[in-house]
Amino acid sequence: MRYIAQAPGKVILVGEHFVVHGGYAIAASITEGVRAEARKLASNRIRIISEDLGLTAEIPNRIPRELSPLAQCVTAIVKRCKYSGGLELRLKSMIPPSAGLGSSAATAVSGVAATSSALGRRLSSAEIVELAMISEKAIHGNPSGIDVHTSTYGGIILFRKGPKIIRNSIEPSKPLQLIVAYDEGRRQTAELISKVDGFRRSAPSHFSALLTANNVMVEKVTNLIKLGRTADIGAYLNFYQAILSNMNLSNPEIDSLVESSLDGGAFGAKLTGAGGRGSIIALSPDNKFKKIGKSLSRISERVIEVTLPAPGVRVWIEKT
Ligand code: MEV
């Protein structure tokens, strides 16, 4: 038997970075994600294979640095299931790494879901989140958890971290047509989080005022999604791009993807996720969706067309 899990990547519509500091954000799962396949082995070896990185980890003896966060998750699951046999976990990603699309979270969520399924344990969504966060924390230092929650639960989510996490599903009155375009330059989320933290320390009152403004705007966007007022949501995306750019999180490549989207008739466009380089989202009128996607594909490494809401992690079993 092969135990398969597919976990989606994500985009952040509004509120990235502020969410790390206790503010609200809205994220959505996308159709592309990471597929994980687990099976028990007759030997007592535990092996993780990343097809994209071309790397294999043998736990506990030979763990490449890149696979160490996931190896920590797998070790925790094996312990929780009191399993002492062998296991193989194989991963294949359809989303680029370090591009602001939640590939590390989708990797951890799919890996946790497939592994636990192979070991005969059906984890609750809350347990998947808890175990996947082991990897997220090891990679990003101080993540909000929004990526893991979005990949696990799916849909469009209003999120706030804290001792009592808020995670409310937002039901749109009509689907949102989003174009995701990414710029191939990689960047480290942890570095960008600490850059914003530097800004917060140097101008605490200004940052706190922006955090309050963010929360007001996130509430407005939540209602606009429920009402299906797509053009107005786009206006907020444009405003966020200006704010994030002012916080030095954009760059010329992202700016030109945004410009091209708006020139093609998008309602709004902004960077998504940590910024630096990474990806943009463009919210488009139905009749301009294809045209904008086409013009972005001329200047971007890859374009993904997404209709929101999309599902969260799915687990199934295939006979071998
Ligand atoms: C997450 O995709 C983007 C950031 O908000 C970091 C986080 O929430 O952990 C920048």
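Which pocket is the space taken by the ligand? The ligand takes up the space of the largest pocket. This is a predicted model, where local features need pLDDT of at least 70, side-chain atom pairs count only at pLDDT 80 or more, and totals for chains, interfaces and linings use all residues. Residues are numbered from 1 along each chain as its sequence is written, and side-chain values use heavy atoms, leaving out hydrogens and water.

**Around the ligand**

- Polar contacts are pairs of N or O atoms within 3.5 Å.
- A ligand oxygen lies 2.6 Å from a side-chain N or O atom of serine 144, and a ligand oxygen is 2.9 Å from a side-chain N or O atom of aspartate 147.
- The protein buries 95% of the 290 Å² that the ligand exposes when taken alone (Shrake-Rupley method, 1.4 Å probe).

**Aromatic rings**

- You can find two aromatic pairs here (ring centres within 6.5 Å; planes under 30 degrees apart are stacked, over 60 edge-to-face, the rest tilted).
- Phenylalanine 199 and phenylalanine 207 make an edge-to-face pair, because their ring centres are 5.8 Å apart and their planes stand at 80 degrees.
- Phenylalanine 207 is buried at 2% relative accessible area, while phenylalanine 199 is partly exposed at 22%; buried means under 20%, exposed over 50%, partly exposed in between (1.4 Å probe, protein chains only).

How values were computed
Rings of Phe, Tyr and Trp (its six-membered ring) pair if their centres lie within 6.5 Å; planes under 30 degrees apart count as stacked, over 60 as edge-to-face and the rest as tilted. A polar contact is a pair of N or O atoms within 3.5 Å; within protein, one must be able to donate a hydrogen and the other to accept it, and residues adjacent in sequence count only if both atoms are side-chain atoms. On a 1 Å grid over the protein atoms alone, a cavity is a set of points where a 1.4 Å probe fits but cannot get out, and a pocket is an open set with protein on both sides within 12 Å along at least five of seven lines; lining residues have an atom within 4 Å of a point. A molecule sits in a cavity or pocket if more than half of its atoms lie within 2 Å of its grid points.
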